[in-house]
Amino acid sequence: VTDLTAVDRALIQHRCVHSRGLGASPGNPGAAPPRLPFSRVTQEDLAFFRTLLPGRTITDPDLLKSSNVDWLKTVEGNSEVLLRPKTTEEVSQILRYCNERNLAVCPQGGNTGLVGGSVPVFDEIILSTSLMKQVITFDNISGILTCQAGCVLENLSNYLEERDFIMPLDLGAKGSCHIGGNVSTNAGGLRLLRYGSLRGTVLGLEVVLADGRILNCLATLRKDNTGYDLKQLFIGSEGTLGVITAVSILCPRKPKAVNVAFLGCSSFQQLLETFQCCRGMLGEILSAFEFLDASCMSLLEKHLKLTNPITESPFYIVIETAGSNATHDEEKLHKFLEEVMTSSLVTDGTVATEATKIKALWSLRERVTEALTHEGYTYKYDISLPVEKIYDLVQDMRGHLGDMAKNVVGYGHVGDGNLHLNITSPSKDPALLAAIEPYVYEWTSKWKGSISAEHGLGLKKRNYIYYSKPSEAVALMGSIKAMLDPKGILNPYKTLPDNIH
Amino acid sequence: MSARVLVGVKRVIDYAVKIRVKPDRTGVVTDGVKHSMNPFCEIAVEEAVKLKEKKLVKEVVAVSCGPQQVQETIRTALAMGADRGIHVEVSGKDYETLGPLQVSKILAALAKKEQADLIILGKQAIDDDCNQTGQMTAALLDWPQGTFASEVNIEADKLKVVREIDGGLETIKINLPAVVTADLRLNTPRYATLPNIMKAKKKKIANVKPADLGVDVSSRLEVLKVDEPPQRQAGVKVETVHDLVGKLKEAGRI
């Protein structure tokens, strides 16, 4: 018996603990489990839905197809019914009926999720928020917006911008994602650095529970310490504890001056030092700090024909400032840029103050996900790590995978310690997957990181929860799920590990 | 070559901004609205800088007419590679009524004063869409013009210009000095990179008044009113073909 070092023992311990989430498919924890014994949809069920939602009960397979597949085209379900309620009352009646009939339901917003959480696994009924797109109220003194869950994020942004406000979150999927989906996945995005997470900006929720009860916690108050803060349970619960039907959210004022700088760095260490300098010199006007590596840039150039505005560098940074005074902000920004250029932390860069140029620079960061889809099959990892370790993971994976992977790229919200690690191969490759997982999760766990910083667990990562949460916590999550959804009809097979039952 | 190029750059409301008409309908709202260099002027600057990089011209001078703020626009041209700038000060009511005729008089006067060999302008500005300044400047100077240029080449002491016209492309050869106006496909303007932005801060911008050039900027045009385009009426969705036929009959269409 060889002498085990402390590290070996810790790793063995890890593996034992983490294999507990493996459920039905130990070889492939992300794959679908066997179908649970829910009822199947009958003609009577369809008749009920058609009476409740005339013209909004979809059963045409062609129309259902796009709602059965996720945006990445990596998971596909077999739902035969798509429901489009317009009101909270309709959602309540749908869930009350489904709960009684023991029919599984998959709530669906913009279907832009990246972990397979927004599409059915089997024949779950799809409950779409696409027709729940009314803005209910907006108070332009407090900046509090109340709206239905199916409002598209970009539409809300446009609505608010006309009134001199903005949404506190922004992400690449803004043209399609629904605010209800954003809240139920606690979406992060590009502005989190400045405005914080939805856990702080969401002031109230209206949720329909599994048995159809309507929970109206749509308060529009900045401060309200009266009892347990129930909305926090639903934020990030990925549709497994209740269906969010309305949101009230605190919106910041639209900044008068927005500037974007696109910089090149020759090493990750210099990138981190640039970040420190940035924090110090730009301080309160900093609203985003994102990075992408040289591999991302070549994919953008290759597939989307975007141009690199500066000289080729190993790393690129996108910095955004947002403030109320253009002259003040530009002065600060130029001082910062002068500092990082003269100290050689940054090797090249460009700045934009006009909307068209700003959009062009942002697209270099926002469209990386899109560029990757042209490379074949993408294995996506959304990891939180101590910020200085972020790129070590990318380099380690490159070494570990060697020729098995076509691309290994890193980009993301470096300001928030959040890496988007993406690995591509021309087509789905089980051998590659086996080399990546659980290696990437063990690596993350070793550095006490999160295996899903903002994308959530959905279908694909549900069984890896133990890499980032202790078993007592997961057990308590199971108890809460059992209490709020005893029949387990809300978005089954997602978020919680298979062995929770 | 010792050629000097004059490039006109106009400060306009940014292309991506939603334009709003002033409540008194005398114009559009410009206060607090994001402005930037006219996209066709950017293409003009890029072409001039390219010619300098090919050593076909010696100096690029960026010119803009307007109030203090146009200096930002000139600085952008300097950051793209222009050597120096000239700010022709026009402000207040004069600026509101400044149009192609006055600007072309100013440019003609400057071309003579600076002994320019080539003037490159954008084909039109995205705010007024006049498409007149280049042509008027050439006429005032009695210089040949190559407008809507999608390609410009200097051959000996002549200019070969490929022009985008309705029927396709027309290639002409004109003598220097000449006026060229840039069309969309002439080039893709470069981003101003940080080292150049830093250098641009040290480049000179001279201040000049129209009167110094012997130009009267008063306008012979009066804007009567400015209105938004009529709102598009929302369409009506119908459930069945039967409904569609019914609605068409109602509207007297069939």
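How many salt bridges are counted between chain B and chain A? In this predicted model, the count between the two chains is 2 salt bridges, and one pair joined in this way is Lys201(B) and Glu338(A), whose side chains meet at 3.7 Å, N to O.

**Interface between chain B and chain A**

- Chain B and chain A bury about 1,500 Å² between them, with 63% of that area on carbon and sulfur atoms.
- To this contact chain B gives 16 residues and chain A gives 19 residues.
- On the side of chain B that touches chain A, the elements giving two or more residues are β3 (35-37) and α6 (194-201) of chain B, and α6(B) provides the largest share, 5 residues.
- The residues on that side of chain B comprise 8 nonpolar, 3 polar and 5 charged.

**Open sheet of chain A**

- Five strands of chain A form an open sheet in the order β5-β6-β9-β7-β8, paired in the antiparallel sense, and its edge strands, each pairing on one side only, are β5 (135-139) and β8 (214-217) of chain A.
- Neighbouring strands of this sheet are turned by 10° against each other on average, direction ignored.
- Strand β6 (residues 144-148) and strand β9 (residues 243-250) of chain A pair over 5 bridges in the antiparallel sense, and Ile144(A) has Leu250(A) in β9(A) as its bridge partner.
- Helix α4 (residues 88-101) of chain A packs on the sheet, where the helix touches β7 (202-208), β8 and β9 of chain A, and its direction makes about 45° with that of β7(A).

Methods. Residues numbered from 1 in each chain as written. Chains lettered and ligands numbered in written order. Predicted model: local features only at pLDDT ≥ 70, side-chain atom pairs only at ≥ 80, totals over all residues. Heavy atoms only, no water. Pairing = 2+ DSSP bridges. Helix = DSSP H or I, 4+ residues; strand = E, 2+ residues; numbered from the N terminus. Axes fitted to C-alpha atoms, helices over the stretch in contact; angles between N-to-C directions. Contact = heavy atoms within 4.5 Å. Buried area = accessible area lost by both parts, 1.4 Å probe. Salt bridge = Lys/Arg side-chain N within 4 Å of Asp/Glu carboxyl O. Nonpolar A, V, L, I, M, F, W, Y, C, P; charged D, E, K, R; others polar.
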